[in-house]
Amino acid sequence: MGTSKYSPEFRADAVALYRATPGGSYSSVAKDLGVNHETLRVWVRDAEQAARPGAGKASAIEKENRQLRARVKELELEREILRRAAKYFAGETSW
């Protein structure tokens, strides 16, 4: 992933401006700031998630779970390859 061209301070200010604009849409606020409306929407969503109590802890646990699930999948694949190799070589051997 590349680096963002918007600083965290700019993002926070953009979210604050969106929240402080009564009846403002993502498009109108984003146009005023010179950013894409979808980018602003993502920033607002991320700020709302970060504001929830325990959000940092939950996201860390979710990240660890994703990593562990990927590792389990990798190990299951390795086990299956080894099982097939053992079966193949056992069939070739005639003692």
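When I say that two residues meet, or are in contact, I mean that they have heavy atoms within 4.5 Å of each other. With that in hand, let me take you through this structure, which is a predicted model.

I will start with the overall layout. The protein has 4 helices and 0 strands, so that, read from the N terminus on, its elements run α-α-α-α. Of its 95 residues, 12% count as buried. If we take the contacts between residues at least 6 apart in sequence, 41% of them join residues at least 24 apart.

At the start of α3, a side-chain oxygen of Asn36 comes to within 2.7 Å of the backbone nitrogen of Glu38.

Which residues of α3 are buried? They are Leu40, Trp43 and Val44. Looking down the axis of α3, we find its buried residues within an arc of 95°, and therefore they line one face of the helix. What covers these buried residues includes α1, residues 8-20, and α2, residues 26-33, and I will take those two helices in turn.

First, α1 packs against α3 at an angle of about 90°, with the axes 9 Å apart, which means that α1 is roughly perpendicular to α3. On the α1 side, the residues in this contact are Phe10, Arg11, Ala14, Val15, Tyr18 and Arg19, and on the α3 side they meet Leu40, Trp43, Val44, Ala47 and Glu48.

Next, the axes of α2 and α3 cross at roughly 105° and come within 8 Å, and because of that angle α2 is also roughly perpendicular to α3. Here Tyr26, Ser27, Val29 and Ala30 of α2 make the contact with His37, Leu40, Arg41 and Val44 of α3. Please note that Leu40 and Val44, which are buried, are listed in the contact with α1 and again in the contact with α2.

Finally, let me turn to one residue of helix α4, which spans residues 55-92, namely Arg84. Is Arg84 buried or exposed? Its relative accessible area is 55%, and because a value over 50% counts as exposed, Arg84 is exposed.

Conventions: Residues are numbered from 1 along each chain as its sequence is written. This is a predicted model: local features need pLDDT of at least 70, side-chain atom pairs count only at pLDDT 80 or more; totals for chains, interfaces and linings use all residues. Side-chain values use heavy atoms; hydrogens and water are left out. Buried means under 20% relative accessible area, exposed over 50%, partly exposed in between (1.4 Å probe, protein chains only). The arc is that of the directions from the helix axis to the C-beta atoms. A polar contact is a pair of N or O atoms within 3.5 Å; within protein, one must be able to donate a hydrogen and the other to accept it, and residues adjacent in sequence count only if both atoms are side-chain atoms. Axes are lines fitted to C-alpha atoms, for helices over the stretch in contact, and angles run from 0 to 180 degrees between N-to-C directions. Angles under 35 degrees count as roughly parallel, over 145 as roughly antiparallel, 65 to 115 as roughly perpendicular and the rest as oblique.
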